[in-house]
Amino acid sequence: MHIAEGFLPPAHAVAWGVASAPFVVHGVRSLTREVREHPESTLLLGASGAFTFVLSALKLPSVTGSCSHPTGTGLGAILFRPPIMAVLGTITLLFQALLLAHGGLTTLGANVFSMAIVGPWAGYAVYKLLRRYDVPLMVAVFCGAFVADLSTYCVTSVQLALAFPDPSSGFLGALGKFGSIFAVTQIPLAVSEGLLTVLVMRLLVQSSKGELTRLGVLLSGGKRVPAESNEAVAR
């Protein structure tokens, strides 16, 4: 769910914008460095951004009567790490607010925080943890994409509960209501996004093996090479 234009109280909208800004600024620096040092990655960066844009633009009715959508941020987070995904996600949400009336400018900070910051970081953390314990790549990719999707809706539920606490049960009561509407019904979509991300990753393994090895996604010489190590060798 994109929180709609004008839906959040002004103080909350400003607060989420302030909270998101440092992550986006850091992401711009990371993206600039990636493009400057590895211009060959531009095509894959564009594909990651397009994947996020297309999936998050889909509006699918949920069983509760609201609309849900995948996020598409897990793939970019796995390939290029969460800071870069913060920028790609922000660009996606900005264009959707301006062109598709999904979300809004006043709620951009809140939507960025949930979909472009927390989602990628949560998904990437799960992916890295599983890979550290030698879980197969595609299993780790599925879990990372699943968590990136679902955590976005969990954060959105928290944001709405903070803005609109229940008159009788307060924040926790509102969180239960919003969570049951958005987070629980998102599980099937998160599973679908995880499977789609695995499919895309399989295609990338076949077509961009060298680039995935440089990024540390694939093995090199029998062991996984972090992206930082590859960059040091390239220098």
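Helices (H or I, at least four residues) and strands (E, at least two) are DSSP runs, numbered from the N terminus. This is a predicted model, in which local features need pLDDT of at least 70 and side-chain atom pairs count only at pLDDT 80 or more, while totals for chains, interfaces and linings use all residues. Residues are numbered from 1 along each chain as its sequence is written, and side-chain values use heavy atoms, with hydrogens and water left out.

Figure 1. Starting at the N terminus, the order of elements is α-α-β-β-α-α-α-α-α-α-α-β-β-α. The chain has 235 residues, and 51% of them count as buried; buried means under 20% relative accessible area, exposed over 50%, and partly exposed in between (1.4 Å probe, protein chains only). A contact here means heavy atoms within 4.5 Å. Among contacts with a separation of 6 or more, 71% join residues 24 or more positions apart.

**Figure 2. Arg214 and its salt-bridge partners Glu40 and Glu211.** A salt bridge is a side-chain nitrogen of Lys or Arg within 4 Å of a carboxyl oxygen of Asp or Glu, and the count by this rule is 4. Arg214 meets Glu40 at 3.9 Å, N to O. This pair links distant parts of the chain, 174 residues apart: Arg214 sits in helix H9 (residues 209-214), and Glu40 in the loop between helix H1 (10-37) and helix H2 (42-57). What is the relative accessibility of Arg214, and is the residue buried or exposed? Arg214 has 11% relative accessibility and so counts as buried, whereas Glu40 is partly exposed at 46%. The salt bridge from Arg214 to Glu211 has its closest N and O atoms 2.8 Å apart. Both of these residues lie in helix H9, 3 residues apart, or about one turn of the helix. Glu211 is buried, with a relative accessible area of 14%. Through shared partners, salt bridges join Glu34, Glu40, Glu211 and Arg214 into one network.

**Figure 3. The loop between H6 and H7, with Pro165 and the Asp166–Lys177 salt bridge.** The closest N and O atoms of Asp166 and Lys177 are 2.4 Å apart. Asp166 lies in the loop between helix H6 (137-163) and helix H7 (170-183) and Lys177 in helix H7, so the bridge ties together parts 11 residues apart in sequence. Asp166 is buried at 12% relative accessibility, while Lys177 is partly exposed at 46%. Pro165 belongs to this loop as well and is partly exposed, with a relative accessible area of 44%. Leaving out residues up to four places away in sequence, Pro165 touches Gly170, Phe171 and Ala174. The C-alpha atoms of Pro165 and Leu175 are 7.9 Å apart, for a pair 10 residues apart along the chain.

**Figure 4. The largest nonpolar core, with 27 residues.** A nonpolar core is a set of buried Ala, Val, Leu, Ile, Met, Phe, Trp, Tyr and Cys residues joined through side-chain atoms within 4.5 Å. Which members touch the most other members? They are Leu79, Tyr127, Met201, Leu212 and Val217. Two or more residues each come from H2, helix H3 (73-80), H4, helix H5 (108-132), H6 and helix H8 (187-207), and H3 gives the largest share, 5 residues. Beyond its neighbours within four places in sequence, Leu212 is in contact with Leu44, Leu79, Met201, Leu204, Val205, Val217 and Leu218. A second, separate core has 22 residues, including Ile3, Trp16, Ala110 and Ala163.

**Figure 5. A nonpolar surface patch that includes Leu99.** Ile91, Leu94, Phe95, Leu98, Leu99, Leu100 and Leu105 make up the patch, with about 650 Å² of accessible area together. Patches are made of residues with over 30% relative accessible area and no salt bridge; like charges are joined within 9 Å, and nonpolar side chains (Val, Leu, Ile, Met, Phe, Trp, Tyr) within 5 Å. Leu99 lies in helix H4 (residues 82-100) and counts as exposed at 61% relative accessibility.

Terms used
Accessible areas come from the Shrake-Rupley method with a 1.4 Å probe; for residues, only the protein chains shown count as cover.
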